Each structure stands twice: as structure tokens, then as C-alpha cells.
Amino acid sequence: MGFERKEYGFLSEIGLSSSNLGCFVNGTWKGSGPVVSTVNPANNQNIAEVREASIQDYEEGMQACSEVAKIWMQVPAPKRGDIVRQIGDALRTKLQQLGRLVSLEMGKILPEGIGEVQEIIDMCDFAVGLSRQLNGSIIPSERPNHMMLEMWNPLGIVGVITAFNFPCAVLGWNACIALVCGNCVVWKGSPTTPLVTIAMTKLVAGVLEKNNLPGAIFTSFCGGAEIGEAIAKDRRIALVSFTGSSKVGLKVQQTVNERFGKCLLELSGNNAIIVMDDADIKLAVRSVLFAAVGTAGQRCTTCRRLLLHESIYQTVLDQLLDVYKQVKVGDPLEKGTLLGPLHTSSSRKNFEKGIEIIKSQRGKILTGGGLIESEGNFVQPTIVEISPTADVVKEELFAPVLYVMKFNTLKEAIEINNSVPQGLSSSIFTRKPEIIFKWIGPQGSDCGIVNVNIPTNGAEIGGAFGGEKATGGGREAGSDSWKQYMRRSTW
């Protein structure tokens with residue numbers, strides 16, 4: 001078992017061992033489901049074993065959570081905020097170890113792994129302030145000597161189903177807000193990153209225990225589709241937040257809708273960067289590289305389409321091809337690595353299939369397009385020249401593949417940007433105010449995130465994160481996203 005390797009010694013500092021129980025139920029660690037091995041994508045060697053949750057474990061956890069929800073929602077919101085503050089402090093003490101674990105188990109480079117954990121810490125800070133600002137409103141009434149009030153109340157239980165590419169940050173976006181809003185949280189982490197799920201839960205559980213609070217305020221499960229389906233069907237869970245593909249997200253939404261539950265969806269992205277003829281080309285090239293290659297193209301906000309004005313097309317492309325040659329591919333834990341492996345061997349095979357489809361649809365491979373021979377799931381960062389109308393461009397290939405295409409006018413560029421089913425993130429590079437205002441306005445980008453002179457990835461927590469169309473319409477993290485985790489009472 002890889003756990004015994006010297007470089008894995010830090011795992012014991014965050015409560016992990018070679019064999020781990022995979023569900024935290026009613027304040028107790030247990031697991032009666034199958035035993036799975038978690039794998040390092042850089043070499044496909046086992047790290048440790050985890051015993052997943054069974055449906056019986058799930059039901060036991062939900063019964064306890066349902067009872068505790070009645071208690072937690074009555075705790076004053078600022079007190080709930082203080083608990084979340086302590087969770088943030090606990091994360092700070094283990095930032096380096098948790099970041100290293102994210103990098104090891106998911107495959108993203110170490111600065112990204114540490115950055116992901118830092119994002120949860122930042123969310124904790126945000127949520128602490130929010131705990132004193134869950135304000136209602138007073139509304140003028142038509143009736144004499146009468147007033148109307150709006151008050152926000154907790155939902156009860158929020159279910160959070162997260163994906164492998166951000167194995168803990170997405171939990172933070174949801175759980176920090178849900179907890180200060182007075183909800184208990186039930187978390188099902190990705191089945192391929194169970195160690196992150198366990199380590200995160202242990203930190204949260206420690207804070208609850210320190211404050212003599214019931215462990216069932218936060219319940220977590222390692223497991224597969226069976227647990228996810230149970231969460232979607234469970235009437236005790238008022239809101240289900242799901243992060244994943246549009247295909248699976250649609251099924252989750254349909255299941256939750258059948259019981260008239262609430263659904264928050266963060267699904268696929270197919271994000272474009274537009275570079276106008278007046279743009280700062282050096283800035284644009286650096287931004288495109290970061291957006292297209294970061295996390296090995298496995299962010300929902302990864303730049304997948306690059307739209308270049310025809311007058312600067314070759315200039316930008318030549319500079320981009322040059323910087324692609326300098327990308328260091330390798331072990332994500334090694335200093336200087338920019339591109340780590342894809343998360344699974346299946347992802348590597350999907351990359352191969354995707355390249356064949358691209359070629360069959362007249363896509364021209366300008367660089368990359370192949371596998372890198374190694375024990376791990378490494379592929380070459382790839383740039384493809386292709387028509388914006390090709391069917392493959394409409395789909396999300398979760399890999400470092402960038403489609404490049406020309407345009408002549410701003411109107412044409414916006415039409416191309418909006419022509420795909422997904423609507424998560426977008427960005428334009430220009431110096432002209434009139435173009436910027438057109439871009440962010442009603443006839444501009446139809447995405448949830450509309451950037452200017454920055455990449456498509458790297459969203460800030462202070463704003464509401466999410467997208468339109470097949471991205472699902474959900475909003476997480478900042479702004480007024482908290483309202484999704486509460487119910488409005490008007491009286």
C-alpha cells in the first residue's frame with residue numbers, strides 16, 4: 001500500500017491511515033459498504049483503503065441528522081457563525097497538509113491544492129460576517145395600520161454532492177453558508193477522492209466536539225451513485241446542491257423535482273475567451289495559458305474555446321504555441337510543474353477518444369494531441385484549429401484541449417460565445433469601454449460569469465458563482481447566494 005511511502009507521511013497528521021472508515025454518522029466514524037482503494041493519478045499506485053458507506057449507514061446518519069436539525073436551527077446565527085469561524089481556524093492549522101492531499105489524490109499541482117483549501121478558509125471568513133446579516137425586510141402594506149415583514153428561516157438539511165476536480169472547495173462554498181443559515185449538512189464527496197472527504201470531515205467534527213455540539217450537524221459519506229441517488233430522493237433533505245456533468249445533473253434535478261425539493265446545480269462549462277484587435281496580447285496569452293492548462297483542463301471554468309480577431313489571429317497563436325512549449329508536465333507535488341495528470345485512467349482514454357473525434361470533424365492539431373508515456377494519466381496540452389460550428393466544440397472535453405477560431409466582428413464573437421449549450425464563464429480582452437459595456441450587457445455574453453481582461457477561471461468568493469443554460473442556473477458562495485439555503489416567510 002502506497003501509504004507506507006515516506007512522502008505520504010504527512011497523511012497521518014490529518015488523521016488518515018492505510019485503512020479508513022468512510023462515513024461520519026451521528027458523531028461516529030463507521031462504514032459497512034465496500035472497501036475501495038484511492039489512487040495517485042501521477043503513478044496509478046494505491047494510496048490507502050477506504051470502507052464506503054452502505055444504505056444502512058446512510059439511513060442511520062439521516063435519522064440522527066433530522067433530529068439534530070431541530071436543535072441547530074435554534075442556535076443564534078452569530079453563534080453558528082462562530083462555529084464556522086473555528087472551522088476556518090482549524091483549516092489554517094492544516095493548510096499545507098490538506099493542500100498536499102488535494103494535490104496527491106486529485107492530481108492538481110501543489111499551489112492549486114493549497115489554494116483550494118485556502119478558498120474554504122476564505123469562505124469561512126465570509127460566512128462569519130454573513131451570520132450577522134441574514135436580514136429580512138419591512139414592506140409597505142395596502143392595509144391601514146398594518147405592516148408586512150419578510151423573514152428568512154433555515155431549510156433544515158442541505159445535501160451537498162461534490163465532484164473530483166474541486167474535492168473540498170465546493171463543499172466550502174455550500175457548507176459554510178448552509179451552516180450559518182441554520183442548516184445541517186449532509187455531504188457525499190467524490191468516490192475517487194475519499195481521503196479528502198475524510199480529512200475535511202475530521203476537522204469539522206473536531207470543532208463540533210470541542211464546542212459540545214452534536215456530530216450529526218455535519219454528516220459525510222464516501223460512496224458512489226447509490227448514496228447520491230438516496231440523497232436526491234430523500235424528502236428530509238430540503239435542498240440538494242450537485243456539482244458534476246450536465247447529464248447527471250439533469251437526472252438529479254428531475255429526481256429532486258419529483259418530490260418538490262429544491263436543487264442547486266453547478267454543471268458543465270464550455271468557456272470562451274475573446275481577444276479583440278485592440279487587446280493587450282501579452283496579457284491575453286498569459287491568461288489563456290493559465291485558463292486552458294490549469295488543473296489539466298479539468299476545471300468547470302477552464303478555457304476551452306479561444307476566439308481571436310482575424311487581424312491578430314496569427315500573432316496571438318504564434319505566441320501561445322511558444323509558451324505551450326515551455327509548459328512543464330510532471331508530478332503535481334514537484335516544484336515548477338504546471339501541468340499534472342488527468343484524474344483517472346478513464347479520463348486519459350476519454351482524451352484519446354476526443355482527439356479522434358476532433359480529427360474526424362476536420363480539427364487541425366497545432367500542438368499536442370497525444371498521450372505522454374508514463375505510469376500516470378499524463379497527456380499533452382493541446383491546441384486545435386477548428387470551426388466554431390463543429391459538433392465537438394459544443395461539448396465539454398474535460399482535458400487540456402483548447403479550440404482556436406477566428407472572428408471578424410464583435411457581434412460574430414458574441415454569437416460564437418453564446419452558441420454552445422453551456423453558459424458558465426466567459427471573458428473578453430479589450431481596451432475599449434464601448435466593447436466592455438456591450439459585452440457585460442443584455443446583448444453580450446449569456447454566461448453567469450462575464451469577465452474582462454482576466455481568465456475564465458479563478459472566480460472570487462465574494463460574487464455568486466454559477467452559470468446559465470446547461471450549466472444549471474445555480475449560484476454558490478458570495479453575493480446573495482445565501483438565500484437559496486433559506487426559506488422566505490412573508491407576514
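Author: Helix α6, residues 194-210, lies across β1, β4 and β5, where contact means heavy atoms within 4.5 Å. Its direction makes about 55° with that of β5; for angles like this, axes are lines fitted to C-alpha atoms, for helices over the stretch in contact, and the values run from 0 to 180 degrees between N-to-C directions. Keep in mind that this is a predicted model, in which local features need pLDDT of at least 70, side-chain atom pairs count only at pLDDT 80 or more, and totals for chains, interfaces and linings use all residues. Residues are numbered from 1 along each chain as its sequence is written, and side-chain values use heavy atoms, with hydrogens and water left out. The element names come from DSSP runs, numbered from the N terminus: H or I over at least four residues for helices, E over at least two for strands.

Now for what sits under that helix label. The 3 strands make up an open sheet, ordered β1-β5-β4, and their pairing is mixed. Two strands count as paired if DSSP finds at least two bridges between them. β1 (19-21) and β4 (35-40) are at the edges with a single partner strand each, so one side of each has no neighbour in the sheet. From one strand to the next, the twist averages 35°.

As background, strands of a sheet pair through backbone hydrogen bonds, either parallel or antiparallel.
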